[in-house]
Amino acid sequence: MTKLIFEKSRQEVGGINLTDEKVDFSFIDKKYLSENHSSILPEISELEVMRHYKELSDKNFCIEKGFYPLGSCTMKYNPKVNELLATLDGFTALHPMQDDEDAQGALKLMYNLQEALKIVTGMDAVTLQPAAGAHGELCGMMVVKKYFQKIGQDRKNVIIPDSAHGTNPASAAMCGFNIVEIKSNEKGLVDLEALKAVLDENTAAIMLTNPNTLGLFEEDILEISKLVHEKGALLYYDGANMNAIMGYTNPRLMGFDIVHLNLHKTFSTPHGGGGPGAGPVGVVDKLKDFLPVPTIKYNGKNYYRDYSSKDSIGKMKAFYGNFSVLVKAYAYVLLMGKELKNASANAVLNANYMMNKLKEYYDLPYDRKCMHEFVLSGEKQKEQGANTLAIAKRLMDSNFHPPTIYFPLIVHEAIMIEPTESETKERLDDFVDTMIQIAKEIEANPQEVLKHPLNTPVKKVDETLAARKPDLAYRI
Ligand SMILES: *Cc1c(COP(=O)(O)O)cnc(C)c1O
């Protein structure tokens, strides 16, 4: 068990000396200083500090350490050069209140990124402000609300399929909409009859992910778009799965009116690390005045922040969003250019390759060509004595991050695998072989499989207790 840095502290070692008269420590709150003003911060040598944090970081699993097929999260390789570019002094030292004329480079970058994302999504206007996917959804739903207010219609319902990501109904509900859930059909797609049955003049919007969370492309999307528009409602595209379609199609061609993207999935910011993200929102022309202010504009000579839109929903985020994420996304788009299309092609190819290899050993409830991810079911293995959770834990001992499990909710014992485009065939084969091996282990002796994980820093935890009675304070 790793000790806390406070437990490693020994007075004799001497860390920083807070009684040094040459230094003004008055900015430190008194409660962090002991009586004689020496620090109650840990006393530990510089080398031991480094070792401490290295040891902690080694406990993390990251993409640099191994395969990370976390479905719906697009845990791909994000080029390190983009991280480097985001740390250039000109970007990091720029104050957000700087006058437009002194920030032309940053504003140009944002403007050009907006333009690039307009091409990727097919939309007419883009805001970079929202900080995450769910935040983009909230922004989009606020736009929907404002639009109907403006045209004098009081529409209350937002239709969402049962396969949707949980943030979709949450975002719509936060804007005061009623959620109308529709069941998927036996192909795992939107059931047109179910849609027709709930679609009416009270429908404000439908929220869809395409490909959906089963990794399946909604073949009837044009028909859906026609039906929804006929009722005067709007189509919202959850673009978290954009990695599947870049350059092949776009939400505009499918008939959507609003889209958010997860830059921290598709566009070179790591996802899942708890760090900053960005969820830009694109809209069609008739909705562009509702976007948050300021919008970044160009008058042929200068780039500037425009606050003039009277119909704007206001601000979604302090200043202009998470700027460093925007730098990485812009660098990535420039680096990739037309190759973005190949990224999607390889992501889809990799997923289909693995799906076809694994479907002999695991149930595949929707056995159709998939897009960038696919969903297996661990039902058969559960009957044999080790469920999906056990499979996930077992994978950790082979240095694989487990796939997403128990989501989407419509698949029992779901195992949702997204390999992304950046993995080699050897790595994919390695994972497939391990999954096959686990299936065989479960068939032979499920009890053994239930003992895992054995090699991880934290072994088997009581999931219920951890959720119901989290012990969040460490007491020495
Ligand atoms: C990740 C994801 C979201 C939410 O994005 P956050 O940035 O985590 O808020 C929404 N929908 C789908 C399909 C996703 O995969």
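Guide: This is a predicted model, and the structure holds 24 salt bridges. Side chains of opposite charge can pair when their charged atoms come close.

Let us begin with Asp 311 and Lys 150, which form a salt bridge whose closest N and O atoms are 3.1 Å apart. Asp 311 belongs to the loop between β9 (303–306) and α11 (323–336), while Lys 150 belongs to helix α6 (residues 133–150), so the pair ties together parts that are 161 residues apart in sequence. Lys 150 counts as exposed, because its relative accessibility is 52% and the cut-off is over 50%.

A second pair joins Glu 413 to Lys 382, with a distance of 3.5 Å from N to O. Glu 413 is buried, at 9% relative accessibility, whereas Lys 382 is partly exposed at 44%.

Glu 230 forms a salt bridge with Lys 226, and their closest N and O atoms are 3.7 Å apart. Both residues are in helix α9 (residues 221–230), and because they are 4 residues apart, about one helical turn separates them. Glu 230 is exposed, with a relative accessible area of 54%, and Lys 226 is partly exposed, with 48%.

Finally, salt bridges also link Lys 187, Glu 219 and Arg 368 in a network.

Conventions. Residues numbered from 1 in each chain as written. Predicted model: local features only at pLDDT ≥ 70, side-chain atom pairs only at ≥ 80, totals over all residues. Heavy atoms only, no water. Salt bridge = Lys/Arg side-chain N within 4 Å of Asp/Glu carboxyl O. Helix = DSSP H or I, 4+ residues; strand = E, 2+ residues; numbered from the N terminus. Buried < 20%, exposed > 50% of the residue type's maximum accessible area, 1.4 Å probe, protein only.
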